[in-house]
Structure formats: structure tokens, C-alpha cells
Amino acid sequence: MVLSAWGCGGSDSPTTPVGDTDDINPRPGVDAGTGGGTDAGTGTDAGTGGGTDAGTGGDTDAGTGGGTDAGTDAGTGGGTDAGTDAGPVDPWPAEPTANYSDRYGIGKVKSVGLDLGKNIWVLDGDRIGVVRADTKKLVWVSGPVGQAADGQSSTVICGGEAGRAYVGYNAPDLDKDPEWPDIHTNFIVTAKPCETPVNEQVCYPFSPRRLNLYKQGDVDAVKLDAASGQVAFESHINQSRRANVDDNGKPFIQTGPSVVDGVSLGIRNSNDHHFDEDRAMVSCTSVLRGPNKGDVFFGTNHGVVRLRGLTYNAHRHPVWFKPKPPPKENEPGTQMAGYTYGLGISPSGDVLMANDYNFGTVTPDTKMETWDDTKTESINQQKVKSSFLLDLNSQEEFDYWRGFQQTTLDDKYYLGSKDYGLWNMTIGSAGNPSQRGTRIGADIPALTNINSLASTNDGSLFIGTNAGGLYRLTPAKTLEKVSGVPGNRVIQLVYDGSVPSGMLLVLTSEGLTVLRGY
């Protein structure tokens, strides 16, 4: 069977893993998108058709190595996602500062999230818990479930619809295969006896060993059972949805297989299921109001995946193309896509994406199945496509972005770096490969190493640092240290602006504190 070689083609509050390796290096892995033909046989996973994310030409993904960089991006403009909702009932205390770890017995956890029902979800290794909005009681799942039951390492948690949360897991990048070193690192044969990628001559054999690589990482859905009041495993996310057009110009929903030979394919490329590029979930953000409320976006080792209910679309990403050395200097460049730790939702509802190299924005269509459509000009428009910050480093160097936010009132954009501090970014034009920036707070040592950003309804920007606690850039653009929050290391910020007084969840090395009134 001859197949397409396409691979890439195709909250408001982000969440991130806890341990920072501090050692992320680009890898020379091949990036799927090589353009070209049609994905195989079935009309359900075509690999062609409208709106594939280019990713093309490049052979290599360049990712950023480490997969579990830590408490990076977190906070995001949770409640600042646009919309006209009347607003949900606010079940939580209105006091300006409260220690929820002490009050509700949460203790120290690695990630937190909010769902549309205002339940507070917590993640602690293989333990998943929720502080119920109705009873104010913390309920833990009875034991490891889903990927955790298989011994896989969790990274982040985000709430979705009322009573549902999504748990992300880590997975290693795929390197050159020892048996078939010439096969694209992320291409997995799913049909027997063998499959030949387009523009290649080798028919690579079906391998149960490689098929089982699909099992690593990805996302589980868990739910709060209304009858029992307990947390239960709901599903391993493996059903893709993608808008496509058949050979006769008729629109259809491309789905592709979700299970092959008893193996769940998990999250793989929506334009071609053979490419398993989004493996490690390193951040996530929940949309808490507006037309897309209930959706969750995951930042991965390769791009950004969109979830709705128990379905997903993968993926999009800001990228750049590295020229190939002689004698291949005239071939399409190598696609470089860093790990997406920086996720946010702007006041107008744009998705803000920042990885170790680049950043970009998308005004997401209300149809989640069009998320990876980069061709249709009327949807998924971008104020910034793929840019680096000219005033910081060259395109080839890592900027280590860990937060990307837009403040209310003045619509200014801010980027936070793990190593290079806080920057105010100014957009020149959408298609520019670079944008300009100004460093903010360079005279404050604590603001050099940033793990998280959160924009709030009053026009503030909260800045979670790696060792200096929580800071606030006020609407008047003055910087101040926020008192009353235990812990110097801020792991994550989650903001819900859909409630009248706002609700900022501040997760630190000492636990969860909630601030109100911003």
C-alpha cells in the first residue's frame, strides 16, 4: 500500500508539568510533513484535502528535547476569553486571599484546573482528585487509572465541560528505528503486511513493536460521577475529527482509525494517522467562556492539539525552516517546531501559542474539526503566524517561552521566558518571521526566570517566577511583589474571569492559593 508522507499537516489557563530538566536540546528527528500525495486508501484518513498544516518540506522536527520541562507556562487569561455568557454561579469564597491547600486538604500537587462547573481538579503523580463545587469536599480517584495504571507519568490537568477533566501524559520523542533506520521516525505502519510511504520505494513491514509506540503519552478523560460522587476514568482520547473534502468536492469529516489490532492510537496527526507526532503533553489551557467554552488545548512536544468532548484535532504550530547544508541546500528546509509550553487565551478569544523557538496566534473557528486548517483564509486567522523575538536571540537559538498573554484594557502582548524574563511584544505584520520586543523588569532578578503568566479582567498581568514568588504588573504598568502567597516557586497560574470577582489559582511549591478581585 502506498501512503502519504504528510505528517505535520497538517481556559483560558494553561497548565504545565512540574520538573524542569533545564536541559532541552533540539533533536534531529524527521518532521513528518513532506508534502506530497494522498494518504492511503480509506476516505476517512486521507492525508490530503483542505487545510493541512503544511509542515512540509522539512525533514526534521527539531523539537526541543526534554519533554518535561517543567513548571513552565501556566497561567493564562482564563476568564478573559471572549463571549457574552451571563456568567455561572460562583460557588467559592469571595475573600481576597485564601489557602485552598489547607482549607480543602489538597496539600502539594503538581497541576490544577477548573471545569465549567467550577470544580477544582488536582493532579498529584498517578492520583487525580477534584474539590467539588457543590460539597466543597476533595475526592480522589480510588487508584491509578488509564495511562497511570500502565505506569506512565502524568504531566498536566485541565478542566473541560462540567464534571470532566483531561490528564496529559509524558512520552519520549521517537528516534531513528534500529531495525528500519530510514523510516520517518514518527511514521508507524498500521496495515499488514507492509506499507510504502509516498515518494519512497521501501515497503516497511508491519511491526507490533512499533504499533505499541502509539500507547505512550497522550491524554485521558476522567469524570465526576453524579450518582456516586466519585472520580472515574472515562476514556483514553483516540478519536480524531478533521474537516476534509473528497475528490468530488463534497465535504466530509475525516476520522481515521482509533484502534488497530487492539492498540489505541491515542492522539496522532489528524491528517494522516500514521504519524504519531504529538506524544508528550507539556501544557494545557481550558476555555471557560465564549463560543468555544468547554474546549481544551494541549501544548505538546510538536504543536497544539484541540479537544472537544472525547474527540480531538491535531495539530497546529508556529515553526521555522532551517536551511539544509550542501549538497541539499536547494531542497526545502528542515521544519523546526519546539515544545509548546506557552499557551493562553486572549481577551478576544485568540489562542496564543509559544514554544521554545517561536510564537503565533490563531482566532479559532467554532468548529473544532477545522483547527488544523491553515489554508482556508476565512477561518483560523492569525495576527502572528510564526515569529521569533528579534530583540532577544536569533531564530536558531532557544528563547524558552513559558507564557504568552494579552492584557485587557490595552491589548498588549507579553511573553515570559524560562531564562530571559518578561517581554512586551509588538506586532509588526502577521507574516513577519520576527517581531519586536521590550524587556520588562530587567532590574528585578526574580523576573529573569518565569514559569507562568496570567492576564486578569482588571488589566493586570500576574507573573509566576521560578524562585521569587508571584509578581503583578498593574494596569498602570508598575511591578509589585504579591504578598500572602506561600512558596517561592510558582508552578502554575490558572485564571477564571467568567465569575464577577475573578478567580486566580496560584499553584506553588507549597500548595494552592486563590486570589479574588482581579
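In the predicted model, Arg 472 is buried, its relative accessible area being 13%, which falls under the 20% limit for that class. Its salt-bridge partner is Asp 458, with the closest N and O atoms 3.3 Å apart. This pair links distant parts of the chain, since Arg 472 belongs to strand β35 (residues 470–473) and Asp 458 to the loop between β33 (450–455) and β34 (461–465), 14 residues apart. Asp 458 is partly exposed, with a relative accessible area of 25%.

In total, the structure holds 25 salt bridges. One of them joins Arg 209 to Glu 179 at 2.8 Å, N to O. Here too, distant parts of the chain are linked: Arg 209 lies in helix α2 (residues 208–211), and Glu 179 in the loop between β9 (164–169) and β10 (194–197), 30 residues apart. Arg 209 counts as partly exposed at 39% relative accessibility, and Glu 179 is partly exposed at 48%. Both residues take part in a network of salt bridges that also includes Asp 177 and Arg 210. A further salt bridge connects Arg 103 with Glu 95, where the closest N and O atoms are 2.9 Å apart.

Two disulfides are present, and their pattern along the protein chain is 1-4, 2-3. The sulfur atoms of Cys 158 and Cys 284 are 2.3 Å apart. In the disulfide of Cys 194 and Cys 203, the sulfur atoms are 2.0 Å apart; Cys 203 is partly exposed, at 28% relative accessibility. The link of Cys 158 and Cys 284 is right-handed, with 100° about the S-S bond, and that of Cys 194 and Cys 203 is right-handed with 95°.

Methods
Residues are numbered from 1 along each chain as its sequence is written. This is a predicted model: local features need pLDDT of at least 70, side-chain atom pairs count only at pLDDT 80 or more; totals for chains, interfaces and linings use all residues. Side-chain values use heavy atoms; hydrogens and water are left out. A disulfide is a pair of cysteine sulfur atoms within 2.5 Å. Buried means under 20% relative accessible area, exposed over 50%, partly exposed in between (1.4 Å probe, protein chains only). A salt bridge is a side-chain nitrogen of Lys or Arg within 4 Å of a carboxyl oxygen of Asp or Glu. Helices (H or I, at least four residues) and strands (E, at least two) are DSSP runs, numbered from the N terminus.
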